[in-house]
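Please consult the sequence and the structure below while reading.

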Amino acid sequence: MAVLYVLVLIVIGDTASERAIRVTAAGCIALALFSFFYGHDEDISIDAALRLLFSLAAILGAAFILLQRHGDRQTVASQAELLDVTSDAIFLTDVTDRVMYWNHGAETLYGWSFEEAYGQDPHALLATRYPQSRGTVRAALARDGAWEGEVVQTARDGRAIHVFSRLRRRTEPGRYEGTTLETNTDITQRKAAIEALSQSEQRFRTIFETLAVAIWEHDLRPVKAELDALRAQGIDDLALYLAQHPELLRRIRASVRVTDVNGTGLHLMGVSSKEEFFTHLDGFLTDPDEDFIGFLLALDSGAPHFQSEAGIRTRQGEPLRVLVAFNFPPPELLDRVQASVLNITERIRVQEALQRTRSQLDHALRAATIGEVSASIAHEINQPLAAISAHAAAASRWMDRDPPNLAEVRASLDAAGEAARRASQVVRRVRSFMTKVEPERATLDVDALVGEAVRLVQHEIAAHGVTLTPALEADGLAVEGDRIMLQQVLINLITNAIQAMHATPAGERRIVVRTWRLGGGVGVEVRDSGPGFAAEAAQKAFEPFFTTKANGMGLGLAMCRTIINAHDGEIRIDPPGGGWGGQIAIMLPARGSQIAG
């Protein structure tokens with residue numbers, strides 16, 4: 001009867017805990033022993049003892065089996081729990097491809113619960129799209145017992161999901177023979193990221209290849225290694241060391257490997273394909289070594305970028321000038337350093353042609369201007385010629401005296417000679433102005449310059465009954481320029497002022513020539529008591545051939561402006577006021593603060 005205790009263990013075995021099984025087994029053994037000794041007293045036969053031992057063995061065997069089954073259930077439960085914990089979708093199908101197991105990851109990923117998926121064909125439910133046909137996948141499972149690959153499935157809400165699928169089919173005989181375990185890992189985001197990265201790379205590759213600027217990619221790791229080795233040797237003045245070791249510089253330049261080039265770079269260098277392009281920088285760089293040193297110093301110092309002009313030679317041997325710009329990456333990325341290369345050969349040629357044209361235009365402008373100036377030569381040398389005539393006539397009169405006044409004759413002849421020399425200097429300056437010869441420049445005391453110009457027009461001033469008052473307030477201030485041409489400007493302005501007052505009564509004809517300090521320069525002003533300039537005349541006065549005189553040529557003030565501009569100065573007409581009519585001011589930059597003596 002004790003064997004029946006096994007039934008008790010079997011009844012509780014599927015629901016009881018491990019401890020309950022052990023306690024129940026111990027209780028059954030205790031009851032069996034109690035019943036045995038209680039029922040046999042001291043009369044124990046061998047048959048009874050054997051039956052007891054058989055009963056105890058049956059109880060212990062049943063307990064052992066139940067404990068082992070309990071452990072297996074715990075293991076299975078733990079494994080099932082892990083299957084539910086994982087984020088991968090895992091399901092099991094039978095030999096007819098119907099769902100037997102559907103974990104929580106599958107519920108979350110696809111949106112169908114276990115109850116909804118159970119008994120259904122999962123690939124029909126998920127509208128699975130294989131890279132091959134489904135028949136090919138089944139054939140692989142039948143042949144190899146496994147298959148894996150990327151597939152596209154559709155969730156309950158219609159989303160397309162990219163998964164990496166692994167299928168395993170059980171071939172061992174038994175209850176689960178022919179079942180298929182499938183695990184699916186969601187790679188939708190990874191796939192999207194990879195696709196976005198691929199599109200980005202393709203986009204930048206397209207930009208790289210089609211950019212209008214040539215781009216070359218270099219491997220600068222050998223160069224950096226050479227520079228680091230030099231620093232490790234204790235070389236501080238890297239520029240001096242490289243200049244003193246040209247063979248090292250050439251070796252470093254030859255170590256710069258070209259790893260890639262875009263289409264514009266191929267076209268620029270006259271190369272048909274990347275495979276035929278120059279492999280090293282030394283193959284086409286023509287600049288002297290000192291230009292390459294600047295690039296090495298920038299790389300060594302960790303500068304973020306470097307830009308310079310360089311000379312290169314195409315495959316056909318044509319020399320080009322280019323503008324090269326490097327952006328240096330961190331040291332670990334020096335194997336792919338891009339350089340933007342802009343062809344400036346044509347620009348330099350245009351600039352050189354423009355410079356030549358500008359020089360020719362400047363010369364043409366001088367020639368055109370001399371047309372104006374030469375037309376005014378008669379006007380400019382009228383004063384010295386009139387002075388020569390007046391002094392010669394005076395000398396003749398002094399000679400006609402009885403007795404002749406030889407001292408006055410000599411003074412008149414000396415004055416005539418000085419006027420003739422001045423006329424010669426005016427002509428010589430005009431000829432220099434017509435050629436490409438720069439005007440003669442010297443440091444000139446402003447007040448002395450103005451005083452000398454006033455003395456040169458004294459005869460004309462006296463002849464017209466004009467009172468000229470110098471107001472020289474720029475003592476010691478100097479300008480740099482051509483003495484004769486600047487004096488000619490002042491003489492022209494004074495002569496114009498004298499002519500402007502022909503309708504002014506003789507006693508009221510006044511001219512003031514004033515100088516003063518003006519910031520970093522000096523001002524010179526000529527005022528007269530005539531009617532001054534009308535508004536329209538003031539605007540056009542410096543235009544060539546504009547004049548308000550009946551017999552004027554309109555070139556005097558135009559020439560004055562040209563000369564003043566050539567001396568980096570400015571000339572302007574101020575409106576009448578303060579009892580003065582014509583007021584013309586000149587501003588010139590000062591040269592040096594004081595003039596000795």
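Two strands pair if DSSP finds at least two bridges between them. Helices (H or I, at least four residues) and strands (E, at least two) are DSSP runs numbered from the N terminus. The model is predicted, so that local features need pLDDT of at least 70 and side-chain atom pairs count only at pLDDT 80 or more, while totals for chains, interfaces and linings use all residues. Residues are numbered from 1 along each chain as its sequence is written, and side-chain values use heavy atoms, with hydrogens and water left out.

**Sheet with strands E1 to E5**

- Five strands form an open sheet in the order E2-E1-E5-E4-E3, with antiparallel pairing.
- Strand E2 (99-102) and strand E3 (146-154) are the edges; each has a single partner strand, so one side of each lacks a neighbour in the sheet.
- From one strand to the next, the twist averages 25 degrees; axes are lines fitted to C-alpha atoms, for helices over the stretch in contact, and angles run from 0 to 180 degrees between N-to-C directions.
- Strand E1 (residues 89-93) is joined to E2 in the antiparallel sense by 3 bridges, and Phe91 stands opposite Trp102 in E2.
- Helix H7 (residues 134-144) packs on this sheet, where it touches E3, strand E4 (160-169) and strand E5 (180-186), and its direction makes about 155 degrees with that of E3.
- Helix H8 (residues 188-210) lies across E3, E4 and E5 and runs at about 120 degrees to E4.

**Sheet with strands E6 to E10**

- A further open sheet of 5 strands has the order E7-E6-E10-E9-E8, again with antiparallel pairing.
- Strand E7 (257-261) and strand E8 (305-313) stand at its edges with a single partner strand each, so one side of each is left without a neighbour in the sheet.
- Neighbouring strands here are turned by 35 degrees against each other on average, direction ignored.
- E8 and E9 pair over 9 bridges in the antiparallel sense, and the bridge partner of Gly311 in E9 is Arg321.
- Strand E9 (residues 319-327) pairs with E10 over 5 bridges, with Val322 opposite Asn343 in E10.
- Strand E6 (residues 214-219) runs antiparallel to strand E10 (residues 337-343), joined by 5 bridges, and Glu217 stands opposite Gln338 in E10.

**Helix pair H9 and H11**

- The axes of helix H9 (residues 221-232) and helix H11 (residues 246-254) come within 9 Å and cross at roughly 150 degrees.
- The two helices H9 and H11 are therefore roughly antiparallel (angles under 35 degrees count as roughly parallel, over 145 as roughly antiparallel, 65 to 115 as roughly perpendicular and the rest as oblique).
- Val223, Glu226 and Leu230 of H9 meet Leu248, Arg251 and Ile252 of H11, where contact means heavy atoms within 4.5 Å.
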